Amino acid sequence: MRIMIESKGISKVYPDGTEALREVSFDVSEGKSCSIIGPSGCGKTTLLFIFSGILKPTSGKALIEGKEVVSPSKEVALILQDYGLFPWKTVYENVSLGLELRRYSKKERKRTVSSLLEDLGLKGFENHYPKQLSGGMQQRIGFARAMALNPRILLMDEPLSSLDALTRETLQNFLLSLWKNNGMTMLLVTHNIEEAVFLGEKIVVLSSRPGSVAEIIENHKVGDVNYRNTEGFLEKCREVRRSIEDGVT
Ligand code: ADP
């Protein structure tokens, strides 16, 4: 299978001398999902920013389809924890923003946005403002906006961590179906073990800072919404927890 995302010995030292990442290597094949988990401050966000073309590694390479990432690309969508919505824009305007910036016609924008809002269960909320909606709905708007440009790669930085436990589980199910229906390659940063195991076919465990790969755990059962209720799921969570504890120094 074709490799879509490859981290090739990535190290990052910030200008103030903070060493965030050390020689991080892993890859994700096309259409697969991968979770990155590790203690707070181990460089997870730094790694995602490198893959989005916002930051440059100090050494090593971030490759997408074999090409080095040098700037942000339309193929890659980044979803952040705080939803990244503009409070003064309506739901419709927030979702259509990327299309507007890329000069899609009004008609094309309307077609894409309406069908996305329908798919994501947001129909009827076009003229609402983000503040009028729950956190779970706001994050779905964030997903809709990312999906509008039909990205092939979805990078997510703790996208569900400010939601309550129940909404979080609902949105994990939602993300699972979004990923399965769209054939995207997904890289999810989380510090939640259950989330990493529910959504990542591969789980990259990072050690504490400077983040380096402590272990890569294969997790082939991902894809079934009932996986969460199985003994295999609990066993995998235990395995990831042990690995994180071993990597924390
Ligand atoms: P995580 O997402 O795993 O919590 P981050 O990638 O946000 O980790 O940060 C990794 C380390 O790099 C942390 O110690 C953080 O304080 C530091 N860091 C992040 N951004 C900068 C920066 N611009 N300058 C200096 N240090 C930074």
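A: Happy to; we can go through domains, ligand, pockets and backbone.

A: This is a predicted model, where local features need pLDDT of at least 70, side-chain atom pairs count only at pLDDT 80 or more, and totals for chains, interfaces and linings use all residues. Residues are numbered from 1 along each chain as its sequence is written, and side-chain values use heavy atoms, with hydrogens and water left out.

Q: Great. Which domains does the chain have?

A: Domain 1 is made of 1-25 + 36-70 + 191-249, and domain 2 is 85-150. The bounds come from an automatic or database domain assignment. Taken over C-alpha atoms, the centres of domain 1 and domain 2 are 29 Å apart.

Q: Now the ligand. Which residues come nearest?

A: Gly-41, Gly-43, Lys-44, Thr-45 and Thr-46 do, out of 13 residues around the ligand. A residue is near if one of its heavy atoms lies within 4 Å. Helix H1 (residues 44-51) gives the largest share of that shell, three residues; helices (H or I, at least four residues) and strands (E, at least two) are DSSP runs, numbered from the N terminus.

Q: Changing topic: what volume does the largest pocket have?

A: About 620 Å³. A pocket is an open set of points on a 1 Å grid over the protein atoms alone, where a 1.4 Å probe fits, with protein on both sides within 12 Å along at least five of seven lines; lining residues have an atom within 4 Å of a point. The volume is the space filled by probe spheres set on the points, which are joined across faces, edges and corners.

Q: What lines that largest pocket?

A: It has 22 lining residues, with Val-76, Ala-77, Leu-78, Arg-145 and Leu-149 nearest the centre. Strand E6 (76-79), helix H2 (91-101) and helix H4 (135-148) each give two or more residues. The lining holds 13 nonpolar, six polar and three charged residues.

Q: And the second largest pocket, which element gives the most to its lining?

A: H5 does, with five residues. The second largest pocket has a volume of about 290 Å³, and Leu-116, Asp-119, Met-147, Leu-178 and Asn-182 are nearest its centre among 14 lining residues.

Q: Last one: is the peptide bond from Arg-209 to Pro-210 cis or trans?

A: That bond is cis, with omega near -5 degrees. Pro-210 sits in the loop between strand E9 (202-206) and strand E10 (213-218).

Key. Nonpolar A, V, L, I, M, F, W, Y, C, P; charged D, E, K, R; others polar.
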